[in-house]
Amino acid sequence: MSDSPLEPRMEILLGRYIDGTIEPGEAEELHGFLREYPEWNRKVREQILMDIDLRNADVLDEFFLESSPVSLPPSYSQSQFGANRKQRVSRSFFQKLLVPGSLAAIVLLGIFCFTFWHGQRNFATITQTTNCLWGDSLTRTSPGTRLGPCTLRLEQGIALIHFDCGVVVSLEGPSVFEITHEKRAFLHSGRLLATVQTQEGKGFVVETPENRIIDHGTKFGVYVPEDKISEVYVLEGNVEVLLKSESAPPLFLKEGQSVVSGNQNAISGEPVKSMLQFNTGTGQGKEGWAIQDRSVLEEAERVFPQGIPDVFMFVKTSSENDAKADRKAIFSIDISSLEKNAKLELIDASLDVTFAPTEIGYASNVPDSRFTVYGLIDETLDEWEPETLDWANFPGNLPRNELRSPVWKPLGSFFIERGSRIGIRRIQGESLADFVRGDTNGLVTFAIVRDTPALEKYGLVHGFANHRHPTLQPPRLQIQTDSSE
């Protein structure tokens with residue numbers, strides 16, 4: 001059966017159910033367990049069907065094969081059931097719970113069969129998986145799989161789940177995601193991005209250990225780290241956030257707003273303050289990239305006929321004899337809504353970027369790679385235009401993977417391991433916080449360069465999602481202050 005630590009508790013509840021002493025709250029607990037661990041439904045059902053120690057087993061034959069609206073699985077014909085009924089099986093804890101008499105067995109099997117078949121109504125589909133590694137689960141996870149109530153454990157990668165109501169959830173590993181209803185899900189841990197594409201999808205609910213997020217026609221992200229303190233941020237539209245504290249009023253968030261909620265700070269024991277979040281898709285935010293020699297793109301289109309997708313910012317430092325293929329990314333985030341006193345009270349800042357496959361170049365030709373994120377110090381250069389950006393007018397540009405100092409200031413670095421296709425990388429620390437504090441025009445500009453050159457020609461071009469990507473998070477800046485806003 002399951003390795004769940006709840007197994008002893010479920011053994012007690014099953015026994016109480018059989019002897020008729022279970023309380024309503026305990027019955028609800030039992031049903032909840034079966035919904036979370038659907039494999040128990042199937043295994044218990046098969047165990048009872050094979051059990052030959054039940055008194056008046058012929059009644060079971062009649063009940064299942066003639067009277068019951070619940071049909072046996074395709075692998076069980078009437079003759080097979082009769083043969084299996086004569087087999088002896090090893091005693092499991094379920095057999096120990098079964099009291100003599102077929103009535104108890106019928107009732108027990110009835111509840112399990114009802115729960116099992118009731119939970120099989122499908123209303124969502126896994127439409128795409130990228131670099132996914134799934135945890136222990138009996139649920140199929142290949143593209144095209146239809147889903148009903150189930151729990152998905154995604155260890156790495158990104159999976160797209162389309163709900164029939166018109167909601168698309170992009171689940172990013174590592175995550176534990178429970179689908180509970182055609183318009184409701186529970187994110188136990190991890191990160192997701194939900195996009196409501198139809199009027200029918202309005203009202204979609206995502207629950208976390210700390211809150212309930214209700215969509216009002218929007219695109220929003222949810223992050224539940226291991227400390228269970230939930231982050232909610234709105235990319236488009238607006239959402240309602242209901243904190244699970246009875247005294248907390250509902251919060252209404254609109255585009256560009258966010259909230260962090262939890263009972264206590266895991267480190268200090270003090271109440272958690274809201275964290276402000278900004279991304280390139282709001283206000284005056286913008287993204288771009290430049291290549292040293294644009295003629296390289298014509299050659300790339302011949303070698304990689306899928307073309308150059310417009311949902312990425314591209315970064316590459318080529319091999320020594322191929323410098324004309326170098327690329328650098330640049331993006332600006334509008335923080336004009338951040339009040340001056342909040343900047344002074346800023347105590348922490350982090351910047352997240354999402355990388356994903358561009359399908360341009362070969363990962364075999366690139367080692368583990370280090371990337372550096374720079375902040376633009378010269379605010380007179382914040383007015384760059386994505387439409388006219390090129391290698392020559394890239395602010396403070398230098399050859400290869402260099403940028404001019406003091407125009408640019410290094411803020412932090414991260415690594416992408418060879419062969420890694422999808423993930424989120426973060427820089428955080430005093431350099432980033434100090435850079436944000438020093439802003440005077442409400443626009444902070446960043447650049448990403450790859451410090452590590454390719455080993456050979458046609459090395460992989462790394463791509464970082466921009467705000468036009470349909471499923472991935474654009475660059476996101478998070479700011480925490482001492483203010484109680």
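Phe314 is buried in this predicted model, because its relative accessibility is 1%, under the 20% cut-off. Phe312 also counts as buried, at 6%.

Now look at the two rings together. A pair of aromatic rings is described by the distance of the centres and the angle of the planes. For Phe312 and Phe314, the centres are 6.2 Å apart and the planes stand at 55 degrees, so this pair is tilted.

Next pair: Phe371 and Phe414. Their ring centres are 5.3 Å apart, and the planes are at 10 degrees, so the pair is stacked. Phe371 sits in strand β18, residues 369–376, and Phe414 in strand β19, residues 408–416, so the pair ties together parts 43 residues apart in sequence. Both of these residues are buried. The count of aromatic pairs comes to nine.

Charges over rings, briefly. Arg191 lies over the face of Tyr223, 4.0 Å from the ring centre. Lys286 lies over the face of Trp384, at 4.8 Å from the ring centre.

On to the cores. How many residues does the largest nonpolar core have? It has 34. Ile161, Phe163, Phe177, Ile179 and Leu192 have the most contacts inside it. Elements giving two or more residues to this core include β1 (124–134), β4 (167–181) and β5 (184–196). The largest share, six residues, comes from β3.

Take Phe163. Beyond its neighbours within four places in sequence, Phe163 is in contact with residues including Phe123, Val169, Phe177, Ile179 and Phe204. A second, separate core has 29 residues, among them Leu351, Phe371, Ile427 and Leu432.

Methods. Residues are numbered from 1 along each chain as its sequence is written. This is a predicted model: local features need pLDDT of at least 70, side-chain atom pairs count only at pLDDT 80 or more; totals for chains, interfaces and linings use all residues. Side-chain values use heavy atoms; hydrogens and water are left out. A nonpolar core is a set of buried Ala, Val, Leu, Ile, Met, Phe, Trp, Tyr and Cys residues joined through side-chain atoms within 4.5 Å. Buried means under 20% relative accessible area, exposed over 50%, partly exposed in between (1.4 Å probe, protein chains only). Helices (H or I, at least four residues) and strands (E, at least two) are DSSP runs, numbered from the N terminus. Contact means heavy atoms within 4.5 Å. Rings of Phe, Tyr and Trp (its six-membered ring) pair if their centres lie within 6.5 Å; planes under 30 degrees apart count as stacked, over 60 as edge-to-face and the rest as tilted. A charge sits over a ring if NZ of Lys or CZ of Arg is within 6 Å of the ring centre and within 35 degrees of the ring normal.
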